[in-house]
Amino acid sequence: YRRRVHGDRALAEVPRKTRAVVLLECARLEEYAKNLPKARSILQRAHKETKHEWKVFLESILLELRAGNMKEAIAASLEALEIHRGTGRLWAVLIQLKQSDGEAEQQRVFCEALKEVPKSGEVWCEGARMCMNPLSSKYNLATAREFLNFAIKFTPQYGDSFIEYLRLELLTTGHAINSQLEQLCVNAEPNYGPMYSALI
């Protein structure tokens, strides 16, 4: 109850442009308290009141993913992309989720994403991950390297691309130390990405 009072008070006082941040935090608190219906309700409110902010749509996808609801997560991704088609992060999440529907479907979404956001490092990174899957018919480490080079060129701040590049080095050379890659990472100063954030 107390967290809701604080959330309502914050919403009443914050400027309109920061309402999305407060709504996101309120939804996360409800999720932490195991109240998923309330968390969903807050995020639906955020979709309406802060439609311009793609992060509230991403949070709905991640909420369903954390709850183990793959179909709902995919549905939330498709809904988000109806509004924010030019957001690479949303496309990247959908590519990840589509792995559950098979390689052909995942590849189809990857190609569609490249048409919409050809300079999204997040999307190129997902393509590289597909190419580094030894169980995939698309397994090709040379192509993975090409895709990761695009990812780092277009979105150097996306830390996951550097982590995948280290994995690629391990697969191709047996060791991850690469002074050129290390310098590239230092210069880029990556600051986000699911895997990157989990490591720092």
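Reader: I'm looking at F110 and W124 first, so are they buried or exposed?

Author: In this model, which is a predicted one, F110 is buried, and W124 is buried as well.

Reader: And how do the rings of F110 and W124 sit, stacked or edge-to-face?

Author: Their ring centres are 6.2 Å apart and their planes stand at 85°, and because an angle over 60 degrees counts as edge-to-face, that is the label this pair receives.

Reader: How many aromatic pairs does the structure hold?

Author: There are six aromatic pairs in the structure, and F110 with W124 is one of those that can be described by centre distance and plane angle.

Reader: What about F150 and F154, stacked or edge-to-face?

Author: The rings of F150 and F154 are stacked, because their centres are 6.0 Å apart and their planes meet at 15°. Both residues sit in helix α9 (residues 141-154), and because they are four residues apart there, about one helical turn separates them.

Reader: How accessible are F150 and F154?

Author: F150 has a relative accessibility of 27%, so it counts as partly exposed, and F154, at 26%, is likewise counted as partly exposed.

Reader: Which residues form one aromatic cluster with F150 and F154?

Author: The cluster is made of F110, W124, F147, F150 and F154, so it brings together the edge-to-face pair of F110 and W124 and the stacked pair of F150 and F154.

Reader: Changing topic, which residues in the largest nonpolar core touch the most other members?

Author: That core has 49 residues, and the ones touching the most other members are I61, W91, I95, F110, V123, L148 and L168. In soluble globular proteins, nonpolar side chains tend to be buried together.

Reader: Take L148, then: what is L148 in contact with, leaving aside its neighbours in sequence?

Author: If we leave out the residues within four places in sequence, L148 is in contact with C125, A128, M132, S161, E164, Y165 and L168.

Reader: And R145, where is R145 placed and what is R145 in contact with?

Author: R145 is placed in helix α9, and, again leaving aside neighbours within four places in sequence, R145 is in contact with Y165, L168, E169 and T172. With a relative accessibility of 27%, R145 counts as partly exposed.

Reader: How do the helices α6 and α7 run, then?

Author: The axes of helix α6 (residues 88-97) and α7 come within 9 Å and cross at roughly 170°, and α6 and α7 are therefore roughly antiparallel to each other.

Reader: Which residues of α6 and α7 meet there?

Author: From α6 come W91, L94, I95 and Q96, and these meet Q106, V109, F110, E112, A113 and E116 of α7. Sorted by class, this contact has six nonpolar, two polar and two charged residues.

Reader: And what about α10 and α11, how do their axes cross?

Author: The axes of helix α10 (residues 159-173) and α11 come within 11 Å and cross at roughly 175°, which makes α10 roughly antiparallel to α11. Here F162, Y165 and L166 in α10 meet L181, L184, C185 and A188 in α11, and the residues of this contact divide into seven nonpolar, no polar and no charged.

Reader: Where is M70, and what does M70 touch?

Author: M70 is in helix α5 (residues 70-83), and, not counting residues up to four places away in sequence, M70 touches L65, L97 and S100. The C-alpha atoms of M70 and L97 are separated by 7.3 Å, although these residues are 27 residues apart along the chain.

Reader: One last thing: what is the phi of K34, and where is K34 found?

Author: K34 has a positive phi of about 70° although it is not a glycine, and K34 is found in the loop between α2 (19-32) and α3 (36-49). Most residues other than glycine have a negative phi. K34 counts as exposed, because its relative accessibility is 72%.

Conventions
Residues are numbered from 1 along each chain as its sequence is written. This is a predicted model: local features need pLDDT of at least 70, side-chain atom pairs count only at pLDDT 80 or more; totals for chains, interfaces and linings use all residues. Side-chain values use heavy atoms; hydrogens and water are left out. Helices (H or I, at least four residues) and strands (E, at least two) are DSSP runs, numbered from the N terminus. Buried means under 20% relative accessible area, exposed over 50%, partly exposed in between (1.4 Å probe, protein chains only). Rings of Phe, Tyr and Trp (its six-membered ring) pair if their centres lie within 6.5 Å; planes under 30 degrees apart count as stacked, over 60 as edge-to-face and the rest as tilted. A nonpolar core is a set of buried Ala, Val, Leu, Ile, Met, Phe, Trp, Tyr and Cys residues joined through side-chain atoms within 4.5 Å. Contact means heavy atoms within 4.5 Å. Axes are lines fitted to C-alpha atoms, for helices over the stretch in contact, and angles run from 0 to 180 degrees between N-to-C directions. Angles under 35 degrees count as roughly parallel, over 145 as roughly antiparallel, 65 to 115 as roughly perpendicular and the rest as oblique. Ala, Val, Leu, Ile, Met, Phe, Trp, Tyr, Cys and Pro count as nonpolar, Asp, Glu, Lys and Arg as charged, and the others, Gly among them, as polar.
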